[in-house]
Each structure stands twice: as structure tokens, then as C-alpha cells.
Amino acid sequence: MKFTLSWLKEHLETDASLDQIVEKLTMIGLEVEAVDDRAAFKPFTIARVVSAAKHPDADKLQVLMVDTGKGDPIQVVCGAPNARAGLVGAFAAPGTYVPGIDVTLSVGTIRGVESRGMMCSERELELSDDHTGIIDLPPETLDVAPVGSSYAAYAGLDDPVIEIGITPNRPDALGVAGIARDLAAAGLGTVKSPAIEPVKGTFPCPVKVKLDFPDSQDLCHAFALRMVRGVKNGPSPKWLQQRLTAIGLRPINALVDITNWLTFDRNRPLHVFDAGTVKGDLVVRRAHPGEKLLALNGKTYEFDTTMCVISDDNGVESLSGIMGGEASGCTEETVDVLIEAALWEPLNIAQTGRKLAINSDARYRNERGIDPAFNVPGIEEATRLVLEFCGGEPSEIFLAGKVPVPHKLIDFPYSEVKRLTGLEIGADESRAILERLGFEIEEGDGAHAKVKVPSWRPDVEGKADLVEEVMRIHGVNEIAFTPMEQGDRVKTKILTTGQVRTRNARRALAARGMLEAVTWSFISAEHAAAFGGGQAELKLANPIAADMSDMRPSLLPSLLAAAQRNADRGVDNVALFEVAAIYAGDKAEEQHRVAGGIRHGTARLTGGGRHWQGAAAKVSVFDAKADALSVLEACGMDVSKLQIFAEAPDWYHPGRSGTVRLGPKVVLAAFGEIHPLTLETLDVDGPAAGFEVFLDVIPEARAKATKTKPRLDLSPYQAVRRDFAFVMDRDQDAATLMRAAAGADKKLISDINIFDVFEGASLGEGKKSVAIEVTLQPTDKTLTDEEIDAISKKIVENVAKSTGGVLRG
């Protein structure tokens, strides 16, 4: 929302400076986003042409001697046809930035003649688009603005422009009059908005209006229409053009400029029709499918039945509350004009604007809500301005529908101000603030009051809103800073266990080179079924799209789809993760927090893609396993005590997948390569590996006496490594072998590593050989051969007992 300082002072009697006004606007919730002090126009001065001579080497140029009020006349080369001796205009010296042409002047030579400045046209000073000649001021101008004085001050170009940000709940501040009301309530002056007097019509309006909504859903509550015949449309007054130009609007003609003026001055969007183009009466109705309109912005729009239009016997003439049609727009040939002021349904305006991607000042205001009480006064003020600028004869106002009269009465205990804000504001001051804002007070018992909400404040619904009004006008800066009370509460844990695990899981996976994704919680029924979902209770009653019909039972389908979308756009080999909820049912206990991820193509931790040393290996089950274990470790689990089972859900590849368990029953994670049939269902190119860690299942860590890490104790004695190769059944898992070997001496055995797996006919049918390296780390003395042999024997016995494996000969 933009306005100039002088514009504001037409509604606000105040001696406050620009800085004071800007500070107060922000303090009362109308945040100032920019202030243009119009410094660019300050260098321009009033100057008089002393003489004008023909250029010696150009027929269309003249050499002017210009009196700038600073010593001897200055030589200026000028091509304007109206340049002549005695002309009074605007002069720009070398070094001046000219905004209309985006040029900084310098001393130049034009066809061999030096020029030391410029006599400016209106376009060069952004006063209008006219550049047929230089500014030609009346000679009597010098009586009030002598040569050398500021042209900006004379022409009103030094009027600062203020831009404020308006929150969606404050439509009343979308007019300069509403802003002035707030400033006056805050003690920065008094309101002096001119009263609006009715304009008496001399004949009935010949064009009638019908609101045609047979479905009883009124998209237009009231529609006021008035004709002014015999107008002479032309340019609007200079002051109006300057105001509109200052806020970024292009003056068009008097009739259109009046509607733009009232939109910003009083927050009353209007529309004017050229009555000569309107055939028959106007009908406000829902659009028919396929109807089109060439709008005032030169674009053609096609409508559907959810949209509201204004039509006549010719068809659609205007898109209600958003933009008019080009065919019925007012031009300089307009003789009879129809002025419209209507109250539209805000939600419908917003929906229509979004569907058609139209942004206009009218839509911006109508979708937020217009003061219904100003509907008729708005058309009266527009009529007055039309008569003043264009002449003509007004008709009576035709009103279709009924102007709604909101009547909101709120019981307001004055003590609520103290309770909600901590401010000590007496009842008298609270009452005075509300009355200055336009609220009507019906006294209660002294502690309470009945407050009637004004028609221009649709955002005020209850007593908390009234407290907010009192607080912002009294001053938010008056709220005292109160330090947090010290006590045991400060020492307690701030984040929940779930929040800590979520944060740690994200950090762990990001550290492994994976990128975090945020995906929809909805997937298609086919994809849900492929991952164990699709139950009736997990189907959406009103899905936003056909492929988002079911709550997801797993994070993997969405992540795999995201990886494929990246691959389709040339971004191959991505590793994505997400920490979010999955749904096994519609009950609270059936919603689980999961950290899931996928690696696609060659997106391994060690790098992927092409390399001069050879093709990178594709992702495998071991990549997914490592990711899952990293999350569990980040969440406080001792992964050395976890068990790996070669069992996983059906969407993983059998034999290339598994689960991580705490004991035989508690499943902490599932991981593996994605089944080829699952990838085919999702239309994803393989290979891909994924995992899901069930954060809710991880047991709470035991409370530690201290969070300080224990000291690092390094043994001074040499570690001893021994290799063992065991022959065992092919279906025997290696994890059992490693646990059995580690159990031989938990104090001395510090590490076990598998370094070879062999299968062959020499071992016998259904057999395999697994070779392990066992590291013995003494801490108090060097091990003797006898001690090492004893531990080795114990390892062989444990493995034989747990797996049936024997030493390979």
C-alpha cells in the first residue's frame, strides 16, 4: 500500500514529521517497508530561456542561453519544438540523474556545440508520457517560484512516498483514510477526512441490475449503479495524475482515474462502464462454461461456473470484482457512463483470481472485504468527482440486493488487557482508544463494556481482538521485558526423546552424503498396496489428486518416486532421506515416526557415477545396512549388541535384505535392495537400495550419572591377531559365528572381522567356509603362547557349539 505524505495529510491534521509518522505506523502494526523521499527530483530548478538561436549544424536543434539563477547564463543545446526565448521551465545541470530516461547528465558536445545541461520534458521528470516538448510554465510562475528555486517544490515532486505492508486481516488499512484513522487514534493528530454529501439524481437510472443466483449462494450481496450522462471525458486534473503516478499507477483518463483514486483513498474499488456499449440491463450471475472475456489488460480469459460475471445482452462485460472488459471500458469518446459499486463474496473473488492468475488492485481489496456501509457513499463520492472533472447529469442510484449491516457486539472486561498483555491500562484509556478507532461503547458496570464493532473491521471477532487494538495503539513498546524465572524447570530437558532422535537421525544421514527430502503423506492406492498399505481406513475421503488417495504405509515409495523424477531430469544417482510419519492404521498408536532413505543407481557413500579408474559399483544391501546402523548409533544404540536377521518385508529383494533387531522379536530397522517387481510397480529404474529405522521402537537410553565422556585408555601392549577358518552349513549366518567367537573372552577380544567366504565342492555339498580375524588386546601384560592357545581353543569350542562349524583343515 503506497501513499504520499500530502495525501495522508488530507485526512490527518498533524504537525508530525515524516520520521515520526513512519515510526508510529510501524509501532501500531502498519509496518513501513519503504520511504521514497523523492531526493531524485531535488536537483531540478526553475530556469528561464534568455535567448534561442538556430544550431549552426542542425536544422532541428537550437542553442539556448538559460538563466539558472547562478551567475551567467548557461549554454544548452535543445531539440524541443517549443523552445524559445522567455520560456520558463525545469533545468537539470550536469551530474543530475534524470529518472524518466535513466541517465545521469554530463557536459556534452552535440554536433560541434557544447551543451551544459538539459531543459526537461514531462516524461523525463515522470510527470506524464508527453515528450513532444519541454515543460512550459506560465510566466507568472516566477512570482511564486523565482529562477533558481526548486522545481520539485513548485510542482509537488518533493512529496515523500510511504509504502506499508498490510496483513490480510486489515482491509480497513488499504485506504489512506483508514491509515489516518489509526494514526489519529495513536495520538498523532486528528482525522479530517472530508464528509461525503449525497448527489441528487435528476432521472431514474435507465439501466437496471438483476442478481441472478438461483442456487441461493449469493456471490454478490449488493450492487449499486448510477448513470451520468453528457460527460466530457479527458485527462484528469494534474494533482490527481501526480498522486497516481507517485504510487506507481499510470493515469488514463478522468473516469478511470477517479475509480483508481477512490480505491486507494477510501478502499472502495469501483468500475465504470461506457453506457453506449452496454446493451439492455445488467445481470450478475455465474458464468456459463466456455464464456470468454477480453479484459482491460489485453488478455482473454475463459470462465467456468464457479466464477461470477457481469453480463448484458451482448454477453459478459466484466469479471466481477476483479477486472472489467475492454469492450465496455471508458475512453475519451465516452459520453454516458455507468458507475458501479458492489459488495462481492470475498472467498469467490479469491478463488477466481487464483484460477485465472489475475492480480489487480480491485481483487486485492474485494477478496479481503470491503466496508459494506461505504458502498452507497462510495458511489456518491465517485459521482461528485465525475461531475467536477467531466460535467454531466446524474441519475438516481439503482440498488440491487441489500447492503448487509454487520452488528457485532462484544462483551469486553477491561481486565482482559492486563491479563493478556501485562499492561496497566485503565478502563478510561481503553475506552478512549477504542472510540478513537471507531468502536462504539455501551457502558456496563465499570468493569465491563459492550463494544460495537465498526463495519470496516471484519477481523474483530472477540475480546482478545479488542485487547490487541488497545495494546497496539497504547504501544507494544510499553510492554516491560520480564526475564524468565530461574528454577528447576530451566534445568529440565527441553526437547522430547522423539525430537532428539529426529534431529540426530537427520544429522547422521546428512553426514553420510544423503539429501533430505520432504514428501507428501499421501500416495496412490497401487503404491500403498505394494508396501503393505491400502486399508480402507487409510483412504482419504476427499483426496487432492487421484494419485494421492491413501495415507502412506512407508516412506520408501515417495522417496523412490522423487529419485526417479530427478533421474528423468538428468540428475542421476541421488541419495535421499526423510524423517517423518508412516501410517499402519487410523489410530494414534498406529502412526509411527520413521527415518527412511534410499540410494539410487551408483549413489554410494564412497562416490558414484563415471570415473577414470572404472565404472562405479552399484548400490547394494550393504549400503542400506550401513545407513540404518548409522541412524541407530546416532540414536544411542550400541550396534555391536544388535542382531541382523535375513528377513525383511516383501518389497525388499529376498536374500539381499534384512532386519536389525534387539533380541529375536523387537525389529528396529529394515533394509535391503528394492525388489525388481516393486520398482516396476513404481515405474522406477533400478537398482535402488533403501532402509527404514523405526525411531519409536528404540528403547530409552539409561540415564547416565554424567554426560562427560570417559577418558581414552590406550593399552601399551601389542595386540595379537589370529585367523580362523570355519566350515559350516551354507544357511548358517555369519553373525552367529562372530557372536560365538566374541564370547570366548569379552575382555581380551577387541575386534572380529570376516575377511573371506568360500564355497566349493572340496568342502562338501551345502557347506561354506568363513574366515575371521580375531584381535586380542591385552591391557595389563603381554600374552604368553599358552594364554593365546587357550583363548583360541575357547573360540573354536564356542563356534562349534553355536553353529556346528569346525576348523577348516
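Which residues have the most contacts inside the largest nonpolar core? In this predicted model, where residues are numbered from 1 along each chain as its sequence is written, local features need pLDDT of at least 70, side-chain atom pairs count only at pLDDT 80 or more, and totals for chains, interfaces and linings use all residues. Side-chain values use heavy atoms, with hydrogens and water left out.

The residues with the most contacts inside the largest nonpolar core are Phe-3, Leu-8, Ile-21, Leu-25, Ile-164, Ile-179 and Leu-183, and that core has 71 residues. A nonpolar core is a set of buried Ala, Val, Leu, Ile, Met, Phe, Trp, Tyr and Cys residues joined through side-chain atoms within 4.5 Å; buried means under 20% relative accessible area, with exposed over 50% and partly exposed in between (1.4 Å probe, protein chains only). Leaving aside residues up to four places away in sequence, Ile-179 touches Met-1, Phe-3, Leu-8, Leu-25, Leu-30, Ile-164 and Ala-173, where contact means heavy atoms within 4.5 Å. A second, separate core has 35 residues, among them Cys-205, Cys-220, Leu-282 and Val-316.

Next come the helix pairs. Helices (H or I, at least four residues) are DSSP runs numbered from the N terminus. Two packed helices are described by the angle between their axes and the distance between the axes. Axes are lines fitted to C-alpha atoms, for helices over the stretch in contact, and angles run from 0 to 180 degrees between N-to-C directions.

Helix H6 (residues 238-246) and helix H7 (residues 254-265) cross at roughly 55°, and their axes come within 11 Å. H6 and H7 are therefore oblique to each other; angles under 35 degrees count as roughly parallel, over 145 as roughly antiparallel, 65 to 115 as roughly perpendicular and the rest as oblique. The crossing of H6 and H7 is left-handed, that is, the near helix is turned anticlockwise from the far one by less than a right angle, whereas clockwise gives right-handed. From H6, Trp-239, Leu-240, Gln-241, Arg-243 and Leu-244 meet Asp-257, Asn-260 and Trp-261 of H7.

Helix H15 (residues 497-511) packs against helix H18 (residues 621-634) at about 140°, with the axes 8 Å apart. That angle makes H15 oblique to H18, and their crossing is right-handed. Asn-504, Ala-505, Ala-508 and Leu-509 of H15 make the contact with Asp-627, Ser-630, Val-631 and Ala-634 of H18.

Helix H18 also holds Asp-623. Asp-623 is buried, with a relative accessible area of 9%. Not counting residues up to four places away in sequence, Asp-623 touches Arg-512, Arg-599, Arg-604 and Lys-618.

Technical notes:
Helix = DSSP H or I, 4+ residues; strand = E, 2+ residues; numbered from the N terminus.
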